[in-house]
Amino acid sequence: MSGQPNTRLADLFGLAGWSKGELARLVNRRAAAMGHPQLATDTSRVRRWIDMGELPRDPVPRVLAALFTERLGRVVTIEDLGLVRHGRAGKRQGGGSVDHPDGVPWAPERTAEVLTEFTGMDLMLNRRGLVGAGAALAAGSALSSAMHDWLHTDPALAADAPDFDNHLHADPAGFDRYEAAPIGSQEIEELERSVEVFRAWDAARGGGLQRKAVVGQLNEVGGMLAYRHPPHLQRRLWGVAANLAVLAGWMSHDVGLEPTAQKYFVIAAHAAREGGDRPRAGEALSRAARQMVHLGRPDDALDLMKLAKSGVGEEVLPRTRAMLFTIEAWAQASMGRSQAMRRTLGRAEDLFVADKGDVPPPDWMQLFTEEDLYGMQALAYRTLAEFEPTAAAHAQHYADKALSLRTDARQRSKIFDYLSMASACFIADDPEQADRYARLALVSMGSNSSHRTWDRLRQMYRLTAEYADYPKINELREEIKVALPKARGRTGNSAQA
């Protein structure tokens, strides 16, 4: 007992709206349902958890996490409740440390447990039809500050699972853990192929339809990681976990579950680092940066990009660095920093060309091709055109180059390019061409589950107001109003993405 209030638990308790007596009764009832009928929590015990920082014994933290998850309609983990027992230097009540109050990074042995606990809660929300979008995003500066030293050191794989000499032993890995067993190279190959399938589906149709399947697969991998495998297999398994976590995050972002997405990106960075893949950890953080730009928080994005670029290590390929620079350029464009954006895009082009292809790219970089470079350049210039209208011509140029190379297998990216082109045409006072590309986007969006495409369409729709007197544009505006789903109340300037 710390003697200090558990502010994390107190804040969530206040949001839940229970009395202390109600929470005590709910804990006893849920614990009994989980096979712990002997548990007898009372009001005074709940008061000590909240007011005195007392840490309850297992299974109470897991029970509380499940109860708060159901009550609040979003994933609430043991970390969120400030109920983690693992001791570390500088540890303080609330799950974080003196330097890192957000509890990031967590101890290496906690990565598989956090992964499995979070996915288990996410799946529970799916099963019960809850939305899961009520939390707040952590600031990019807070994440980058907390994770800087951790990302720049190499982990000891000996810490990431129980002793392999006793291979049938595994630590509990949180709520609703998949009962896995040690696996071999053939099973890992199958998991790696499943990642490719999920990734292709996401690129083609958006994240909405397969998100639950990816989260479920990640939950199972978390159970597998609770066992120690030979180092070469353990690294590959961490790689699968990182890839699935990035996909789960990207799919969550795609359907507007922003705090959930951010948590998956952080989990992915942890998993990649545990597997010794620092470039993958950096790329995972760059996804969180893209999310921040999308939500109108480019300053947070730049904080994350600084960490991502510095943490990827010396072995990173030029094409990977090029991709990172395009995201930084988009953030700069969102702030109207014309010269900085142009310099950054120039560095991205130079790095992309410098990659001779003599070293095969990692599987997670295979979707950043020439057309993706052009597409990001188009997006950056189209964003800058809000501040500097002459940039619209450059946006049109790069969007045209991207579209000439796009295939139907990358339908979501093609929609984004159409919308970048349409927006740039409106800004460049070419409503006829804008109408053409807007309709191409609109036709394609019906078979896509990506909410981000609708966010981008809303941004383009705003640009149509100046041309509302044109019959074709007025007709387009009416069609868009009919097609647009109701706004989902996302935080920030979602239309910028």
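**Figure 1. Trp-49 in helix α3 of a predicted model.** Trp-49 belongs to helix α3, which spans residues 43–51; helices (H or I, at least four residues) and strands (E, at least two) are DSSP runs, numbered from the N terminus. This is a predicted model, in which local features need pLDDT of at least 70 and side-chain atom pairs count only at pLDDT 80 or more, while totals for chains, interfaces and linings use all residues. Residues are numbered from 1 along each chain as its sequence is written, and side-chain values use heavy atoms, with hydrogens and water left out. Trp-49 has a relative accessible area of 2% and is therefore buried (buried means under 20% relative accessible area, exposed over 50%, partly exposed in between, with a 1.4 Å probe and protein chains only). Leaving aside neighbours within four places in sequence, Trp-49 is in contact with Asn-6, Leu-9, Thr-41, Glu-54, Pro-56, Val-60 and Leu-64; contact means heavy atoms within 4.5 Å. Trp-49 and Ala-10 are 39 residues apart in sequence, and their C-alpha atoms are 8.9 Å apart in space.

Figure 2. The bond from Asp-58 to Pro-59 is cis, and its omega is near 15°. Pro-59 sits in the loop between α3 and α4 (60–72).

**Figure 3. Gly-120 in helix α5.** Helix α5 covers residues 111–127 and includes Gly-120. The relative accessible area of Gly-120 is 0%, so Gly-120 is buried. Between Gly-120 and Asn-219 there are 6.5 Å in space, C-alpha to C-alpha, although the two are 99 residues apart in sequence.

**Figure 4. The largest cavity.** The structure holds three cavities of 30 Å³ or more, and the largest has a volume of about 640 Å³. On a 1 Å grid over the protein atoms alone, a cavity is a set of points where a 1.4 Å probe fits but cannot get out, and lining residues have an atom within 4 Å of a point. Grid points are joined across faces, edges and corners, and a volume is the space filled by probe spheres set on the points. The largest cavity is lined by 35 residues, of which Trp-250, Arg-290, Asp-372, Arg-410 and Ser-413 are the closest to its centre. Among the elements that give two or more residues to this lining are α7 (185–205), α9 (231–254) and α15 (370–384). The lining has 15 nonpolar, seven polar and 13 charged residues; Ala, Val, Leu, Ile, Met, Phe, Trp, Tyr, Cys and Pro count as nonpolar, Asp, Glu, Lys and Arg as charged, and the others, Gly among them, as polar.

**Figure 5. Arg-410 and Asp-372.** Arg-410 is found in the loop between α16 (392–405) and α17. With a relative accessible area of 12%, Arg-410 is buried. The side chains of Arg-410 and Asp-372 make a polar contact of 2.7 Å. A polar contact is a pair of N or O atoms within 3.5 Å; within protein, one must be able to donate a hydrogen and the other to accept it, and residues adjacent in sequence count only if both atoms are side-chain atoms. Not counting residues up to four places away in sequence, Arg-410 touches Ala-203, Leu-367, Thr-369 and Asp-372.

**Figure 6. Asp-429, a residue with positive phi.** Asp-429 is a residue other than glycine, and its phi is positive, near 65°. Asp-429 lies in the loop between α17 and α18 (431–445). Its relative accessible area is 52%, so Asp-429 is exposed.

Note on methods:
On a 1 Å grid over the protein atoms alone, a cavity is a set of points where a 1.4 Å probe fits but cannot get out, and a pocket is an open set with protein on both sides within 12 Å along at least five of seven lines; lining residues have an atom within 4 Å of a point.
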